[in-house]
Amino acid sequence: MSKTNAPYLLKRQGIFYLYKRVPTHLISHYGKQFIRKSLRTRDRKEAVRAASSLVAAMEKEWNEQILNVPDSGSVFSLFEKQTSSIPLLSEAGRFYVDIKGKAGDKRFERYTSRVVAEVIGLAGDKLVSAYTRHDALAFRDALLERGSANATVKRNFECIRAIWNFAAREHGVGTANPFSNMNYGNGRGPVKRKPVPIEDIRRIQRTCFDMDDEIRWLVALLSGSGMRLSEAAGLIASDIHLNSKVPHIRLKPHSWRPLKTSGSERDVPLVGAALWAINRASENADGSFLFPRYCTSVECKADHASNTLNKWLRKYLPEGCVVHSFRHSIRDRLRAVQCPSDVIDQIGGWQTYGIGNEYGEGHTLQNLSFWLKKLPF
């Protein structure tokens, strides 16, 4: 490359860069139209030498890619229009939701779409094979800069890593996952939810009895059962068994509201404020749904319910407590009456660790109800 013939050199603020167009046939393979790399020198002769070796190496690789004759097939296939089967990240995200069987799970869809959109916003919607470690680091730094907790950063990377791995397996991408083995930095620690003190629970329940409406029925149910908000908001009439020897809720997944884990499918005894709440909701239900304000046959609006309930509860709860704190409280309250830990786990749908706990059918409704009745409501 002479001084008059150095078409790949670009000078910016005194520094020379290599700037070269990627062949049209290979844009889909590399995920970009141009290669731009700093040569880290202000000296033209040194830049020409560095650029010459890089250009020669690139053109050799490109020629091999373009003119690579497959072991089986005709050489004339080289002259046919080539298309890449590797999907864009946006396409991979949609395929991932479908293959996971989560196409009807609005919450899962929204979360996955948001993670994919954030990566695309930072690095562009490229073929999954074209993403680099630089793109992954940019995603991590963006999360940390806005103050995301360490656990939140980790969850985001678990999502995008799973999408990339799925697309790579399906389409034979042999490169390493750029979103793997990430150091998540020094994000915020997790926000620890405080349990609601018993005197506040009693005051809230008395207020719910007085106001006696759909929102207060839902609050009372959560305060006395330890259920998750989405579990309670997604209930229908057939889930309720008030005429059984032990009144209870049979929690099971529905198309509009899946359960968080397989262990979340359980029977929840109804006592105290929770029994009152279900009785009132059942008596006033016009259709199948007990809380139609927050649930339809299309979706369970748990986030909307959370916002509404937290707004009302703010004047009744101490600082650091939210509607989900009732779930923390039920565990502490059961511990206080010396309830066995595996009974607590079964009531709340928490995982009980240990091989022995995988055997048998668990505790009876009568036993679960016995311990819940020990709680002061």
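Val219, Leu222, Ser223, Gly224 and Ser225 of helix H8 meet Phe326, Ile330 and Arg333 of helix H12, where contact means heavy atoms within 4.5 Å. By class, this contact between H8 and H12 comprises four nonpolar, three polar and one charged residues; Ala, Val, Leu, Ile, Met, Phe, Trp, Tyr, Cys and Pro count as nonpolar, Asp, Glu, Lys and Arg as charged, and the others, Gly among them, as polar. Two packed helices are described by the angle between their axes and by the distance between the axes. For H8 (residues 214-225) and H12 (residues 325-336) the angle is about 35° and the axes lie 7 Å apart, the axes being lines fitted to C-alpha atoms over the stretch in contact and the angles running from 0 to 180 degrees between N-to-C directions.

The model is a predicted one, in which local features need pLDDT of at least 70 and side-chain atom pairs count only at pLDDT 80 or more, whereas totals for chains, interfaces and linings use all residues. Residues are numbered from 1 along each chain as its sequence is written, and side-chain values use heavy atoms, with hydrogens and water left out.

The protein has 14 helices and six strands, assigned as DSSP runs (H or I, at least four residues, for helices; E, at least two, for strands) and numbered from the N terminus. Of its 377 residues, 39% are buried, a term that stands for under 20% relative accessible area, with exposed meaning over 50% and partly exposed the range in between (1.4 Å probe, protein chains only). Among contacts with a separation of 6 or more, 63% are between residues 24 or more positions apart.

The structure holds 16 salt bridges, each defined by a side-chain nitrogen of Lys or Arg within 4 Å of a carboxyl oxygen of Asp or Glu. In one of them, the side chains of aspartate 212 and arginine 280 meet at 3.0 Å, N to O. Because aspartate 212 lies in the loop between helix H7 (198-211) and H8, and arginine 280 in helix H10 (residues 272-284), this pair ties together parts that are 68 residues apart in sequence. Aspartate 212 is partly exposed, at a relative accessible area of 27%, and arginine 280 is also partly exposed, at 21%.

A further salt bridge joins arginine 293 and glutamate 214 (3.9 Å, N to O), linking the loop between H10 and H11 to helix H8 across 79 residues. Arginine 293 is partly exposed at 44% relative accessibility, whereas glutamate 214, at 16%, counts as buried. Helix H12 takes part through arginine 331, whose salt bridge to aspartate 345 in helix H13 (residues 341-348) ties together parts 14 residues apart in sequence, with the closest N and O atoms 2.8 Å apart. Both partners are buried, arginine 331 with a relative accessible area of 19% and aspartate 345 with one of 7%. Salt bridges that share partners also join Arg114, Glu118 and Arg146 into one network.

The largest pocket contains about 2100 Å³ of space. Of the 50 residues that line this pocket, Arg107, Arg155, Arg228, Lys260 and Asp303 are the closest to its centre. Helices H4 (106-123), H6 (150-171), H9 (229-233), H11 (302-313) and H12 are the elements that give two or more residues to the lining, and the largest share, seven residues, comes from H4. By class, the lining has 21 nonpolar, nine polar and 20 charged residues. A pocket is here an open set of points on a 1 Å grid over the protein atoms alone, where a 1.4 Å probe fits, with protein on both sides within 12 Å along at least five of seven lines, and lining residues have an atom within 4 Å of a point. Grid points are joined across faces, edges and corners, and the volume is the space filled by probe spheres set on the points.
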